[in-house]
Amino acid sequence: MPTPQPRPVPESRGARFAVLDPATGEAFDEAPDQQPDELDSVVERARRAWHGWRADPAARATALRAAADAVEAAATDLAPLLTREQGKPLTESYAEVARTAARLRYFAELVAQPQPISDGRPVRSEVRWRPLGPVAAIVPWNFPLQLASAKFAPALAAGNTMVLKPSPFTPLATRLLASALATALPEDVLTVVTGREPLGARLASHPGIRHVTFTGSIATGRAVAEGAAASLARVTLELGGNDAAVLLEDVDVEQIADRLFWAAFRNCGQVCMAVKRVYAPDRLCAEVVEALAHRAKSVVVGAGLDPASQLGPVNNAHQLARIERCADQALADGARAAAGGHRLDRPGYFFAPTVLADTPPDSPVVTEEQFGPVLPVLPYRTLDDAVEAANGTGFGLGGSVWGTDLDRAEAVAGRLECGTAWINHHAELSLAQPFAGTKDSGVGVAGGPWGFYGNLQPFVVHRPQEA
Ligand code: NAD
């Protein structure tokens with residue numbers, strides 16, 4: 001494999017679109033508005049680069065380790081740019097950059113292992129693993145770098161090449177990331193394309209793509225799967241969630257309140273596996289509302305670049321309107337805002353951290369994914385009622401159970417219909433574990449060896465045993 005050299009990310013034919021700072025609502029830069037017909041040459045270059053990239057696993061691992069170093073070296077440029085376009089506090093952007101590098105290092109060490117198969121017949125079969133070819137990745141705006149790395153680290157480690165499309169709300173940090181990675185990866189192994197729809201739709205249905213790995217909303221996930229069906233490309237979908245936290249009778253409210261609060265409000269609630277509904281026993285409900293509302297009122301909300309800010313703005317005007325609609329509907333349905341309940345009267349896309357009591361269980365803030373800093377706390381009478389309510393939506397991403405008796409909490413966690421259930425935590429993930437939504441929350445598996453093998457095709461060699 002030739003020694004990679006630094007090089008700029010390719011520009012498109014000239015059209016550009018504005019990128020807004022959510023802390024002000026004003027444009028601060030632009031990104032190339034690439035057109036769908038540019039994808040043919042991008043995918044063809046990815047296909048050509050694949051032949052060299054797939055050939056040498058040891059060289060790949062070395063390149064991916066160097067890529068991790070390059071990401072870390074670029075952290076002081078990447079993190080502020082990420083905060084500027086995404087909104088999150090700067091410390092969280094640094095953490096996101098660090099996780100991006102960590103993911104590259106983790107997957108660099110994974111090697112596909114041949115597996116002999118023996119079923120008693122006089123044949124020797126062996127399963128070997130082959131990369132798929134050019135992979136398309138499409139990601140949203142809530143964790144642009146981290147979610148991109150969750151796609152490219154396993155796909156590239158498995159020997160595929162990738163065309164990656166970030167959200168048009170957050171294209172810039174991903175472009176900068178691509179130029180950092182370009183110092184370590186051979187040309188065309190990872191190409192970032194930016195632009196507005198139908199760029200993503202055309203990428204998902206491009207005939208040269210062998211695997212479409214998508215993170216985003218359920219509605220778009222369905223469209224992506226339909227598009228990929230045209231070429232029968234493999235599809236991995238990581239979709240929306242509406243995670244429930246079930247508090248048990250023996251929970252120590254004050255002890256868990258900080259953790260529960262941040263599990264709901266981190267990144268302004270714009271986390272697929274944030275706590276989005278809390279179920280508390282009747283007896284404890286008022287205390288839980290009070291503990292969460294107290295924190296919601298005291299948290300510092302401001303521009304992500306201000307070191308005092310603990311919560312930034314939500315990412316975009318469309319998102320702000322959606323959150324406001326959901327909160328207004330809940331209040332009209334009879335909910336009471338124990339904290340917040342409204343947008344903040346200042347420029348940018350700020351919504352007050354909101355804790356809702358007395359919310360009817362059929363209000364959209366409970367039944368839909370509002371994806372913002374709004375948290376309904378709902379009372380329950382029996383544990384069966386709580387589990388039924390927690391499982392009572394089409395979502396199935398994550399869930400959690402909170403209590404003092406860990407065995408009991410684990411037994412309740414086992415009844416949740418979701419891909420990951422936490423006890424006294426929520427949304428903590430290890431790089432080594434699988435991550436998969438059930439029901440409408442996803443198709444396929446990301447993370448750990450499962451995510452790695454999801455980027456490989458089994459190839460079986462079947463021969464008679466030696467005489
Ligand atoms: P979205 O579905 O609107 O967009 C996601 C991506 O798809 C963006 O890059 C967008 O430009 C692109 N896109 C839009 N229309 C498309 C089309 N027709 N074909 C192909 N691509 C298209 O989602 P969003 O608003 O950017 O992100 C928020 C959603 O993402 C939430 O539902 C959240 O739960 C989900 N999410 C899920 C996970 C997970 O791992 N399960 C992680 C983060 C976010």
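I looked up tryptophan 129 first: at 23% relative accessible area it is partly exposed (buried is under 20%, exposed over 50%, partly exposed in between; 1.4 Å probe, protein chains only). This is a predicted model, so I took local features at pLDDT of at least 70 and side-chain atom pairs at pLDDT 80 or more, while totals for chains, interfaces and linings use all residues. Residues are numbered from 1 along each chain as its sequence is written, and side-chain values use heavy atoms, without hydrogens and water.

Next, rings. I searched the whole structure and got 6 aromatic pairs (Phe, Tyr and Trp rings, the six-membered one for Trp, with centres within 6.5 Å; planes under 30 degrees apart are stacked, over 60 edge-to-face, the rest tilted). Tryptophan 129 pairs edge-to-face with tyrosine 453, at 4.8 Å between centres and 70° between planes. Tyrosine 453 is partly exposed at 22%. Ring pairs join Trp129, Phe452 and Tyr453 into a cluster.

I then checked phenylalanine 261 and phenylalanine 265. Their centres are 4.4 Å apart and their planes at 15°, so I log the pair as stacked. Both phenylalanine 261 and phenylalanine 265 are buried.

Charges over rings came next (NZ of Lys or CZ of Arg within 6 Å of the ring centre and within 35 degrees of the ring normal). The charged end of arginine 130 sits over phenylalanine 459, 3.4 Å from the ring centre. For arginine 346 over phenylalanine 350, I noted 4.0 Å.

Last, sulfur. I found 0 disulfides in the whole structure (cysteine sulfur atoms within 2.5 Å). From cysteine 285, the nearest cysteine sulfur is that of cysteine 326, 19 Å away. Cysteine 285 is buried at 11%.
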